[in-house]
Amino acid sequence: MSDQDILVLFKNGQRDKAFKKLYHLYPKIEKLVLSKGGSKDDASDVFQEALIILNRNLQKSEFKLTSSFYTYLYSVSRFVWSDLQKSHTKKQLQELNAQDVQVFQEVIEEKKYQLAEHAFLEIGKRCQQLLQLFYQKAMSFNDISKVMQFKSAKIAKNQKYKCLKKAKDIYQTKLKSVQS
């Protein structure tokens with residue numbers, strides 16, 4: 001059946017018959033999509049979209065088919081496939097970026113942990129001991145003052161504050177040097 005005959009079927013409202021005739025072009029469109037890295041499912045989707053575009057255009061009174069149906073569908077399919085790949089690539093890029101961001105955040109958290117650990121090691125043995133007694137062993141300031149031989153619980157509390165401030169200052173200094 002010629003392109004003219006298929007066009008007449010469309011104009012006479014026999015769209016189903018016309019589309020059935022156009023399906024003989026599908027293997028050529030499938031070959032195009034497969035050659036561009038697509039799958040058979042992609043080819044089917046692209047061909048369906050090209051037929052929808054053709055149908056919409058045929059309904060416009062000003063539309064004139066200036067080439068064969070094959071040439072028209074091939075060109076439309078090529079553009080549809082190109083658009084599909086671009087949107088697919090953007091989606092992959094967004095997913096990749098989300099994964100990269102997650103990995104990057106994990107690296108940052110690990111680096112912060114290392115900086116905190118380094119700050120703890122720099123504050124001195126006595127401060128380390130005091131903070132370990134308070135945070136790890138959950139000892140009261142009264143007990144800490146006895147173990148570390150402070151005159152009172154209040155002095156132990158003040159010393160803990162000073163040690164913590166010293167560790168925070170070291171941490172902040174290291175963090176700023178890493179960020180710059």
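The axes of α1 and α2 come within 7 Å and cross at roughly 150°. Axes here are lines fitted to C-alpha atoms, for helices over the stretch in contact, with angles running from 0 to 180 degrees between N-to-C directions. The model is predicted: local features need pLDDT of at least 70, side-chain atom pairs count only at pLDDT 80 or more, and totals for chains, interfaces and linings use all residues. Residues are numbered from 1 along each chain as its sequence is written, and side-chain values use heavy atoms, with hydrogens and water left out.

α1 and α2 are therefore roughly antiparallel to each other (angles over 145 degrees). Their crossing is left-handed, a term for a near helix turned anticlockwise from the far one by less than a right angle. I6, L9 and F10 of α1 make the contact with R15, K17, A18, F19, K21 and L22 of α2. Contact means heavy atoms within 4.5 Å. Helices are DSSP runs of H or I, at least four residues, numbered from the N terminus.

The largest nonpolar core holds 23 residues. Such a core is a set of buried Ala, Val, Leu, Ile, Met, Phe, Trp, Tyr and Cys residues joined through side-chain atoms within 4.5 Å. Buried means under 20% relative accessible area (1.4 Å probe, protein chains only). F10, L22, L54, F69 and L73 touch the most other members. At least two residues of this core come from each of α1 (3-11), α2 (15-22), α3 (26-35), α4 (40-59) and α5 (69-122). The largest share, 7 residues, is supplied by α4. F69 is in contact with D3, I6, L7, F10, L22, L25 and L54, leaving aside its neighbours within four places in sequence. A second, separate core has 18 residues, including A119, C127, F141 and M148.

The structure holds 1 disulfide (a pair of cysteine sulfur atoms within 2.5 Å). C127 and C163 form this bridge, with their sulfur atoms 2.0 Å apart. The torsion about the S-S bond of C127 and C163 is about -70°, so the disulfide is left-handed. Distant parts of the chain are linked: C127 lies in helix α6 (residues 125-136) and C163 in helix α8 (residues 153-179), 36 residues apart. Both C127 and C163 are buried.

Q128 is also placed in helix α6. Q128 is buried, with a relative accessible area of 10%. Not counting residues up to four places away in sequence, Q128 touches F120, L121, E122 and I123.

How values were computed. Buried means under 20% relative accessible area, exposed over 50%, partly exposed in between (1.4 Å probe, protein chains only). Angles under 35 degrees count as roughly parallel, over 145 as roughly antiparallel, 65 to 115 as roughly perpendicular and the rest as oblique.
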